[in-house]
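Subject: Structure handover

Hello,

Please find the structure below. My notes on what was found in it follow.

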Amino acid sequence: MNKSKGFIEAEISKAITQWEKEFLGRGSLSVKTDILRDMIIVNLQGILTPAEYSVCETKEGMLSIKRIRSDLVESGIEDLKEIILTITGEEVKSFFTDISTRTGERVMVFKLFNNLEKKF
């Protein structure tokens, strides 16, 4: 791989932001991607709307927002896996995500079949 680790991380951040806008209808305020061994860790900030913050004031509302947001992202998992494959040349083995309804952050972890970091 002739591209730097930082370049690949930036490309993943840019592609996931674009995916959010096209698939979810709006993007996060900032995205930071890190490649660590066989994982790609993506931290997205500013993903909740003001209305969602209001709903999150109750436990029931918070759980509802977490569930809906998780379902939305999971429904686009094939697109996300394709983004990772296209940019890195590596297939995604598994995918994990969670959202903080307090801070409005989402973390995505793509676990790969191979150690991507060794390629740099």
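**Salt bridges and a hairpin**

K14 is exposed, with a relative accessible area of 56%. Here, exposed means over 50% relative accessible area, buried means under 20%, and partly exposed is in between, using a 1.4 Å probe and protein chains only. The model is a predicted one: local features need pLDDT of at least 70, side-chain atom pairs count only at pLDDT 80 or more, and totals for chains, interfaces and linings use all residues. Residues are numbered from 1 along each chain as its sequence is written, and side-chain values use heavy atoms, with hydrogens and water left out.

K14 forms a salt bridge with E11, and their closest N and O atoms are 3.5 Å apart. The term covers a side-chain nitrogen of Lys or Arg within 4 Å of a carboxyl oxygen of Asp or Glu. Both residues sit in helix α1, 3 residues apart, so about one helical turn separates them. E11 counts as partly exposed, at 25% relative accessibility. Helices (H or I, at least four residues) and strands (E, at least two) are DSSP runs, numbered from the N terminus.

Searching the whole structure gives 7 salt bridges. Another of them joins K5 to E117, with the closest N and O atoms 2.8 Å apart. This pair links distant parts of the chain: K5 belongs to helix α1 (residues 5-24), while E117 is in the segment after β4 (105-112), 112 residues apart. K5 is partly exposed, with a relative accessible area of 27%, and E117 is also partly exposed, at 27% relative accessibility.

A further salt bridge is formed by K111 and D38, whose closest N and O atoms are 2.4 Å apart. K111 lies in strand β4 and D38 in the loop between β1 (30-36) and β2 (39-45), so the pair ties together parts that are 73 residues apart in sequence. For K111 the relative accessible area is 25%, which is partly exposed.

The covered face of β1 holds V31, T33 and I35, and its uncovered face holds S30, K32, D34 and L36.

Regards
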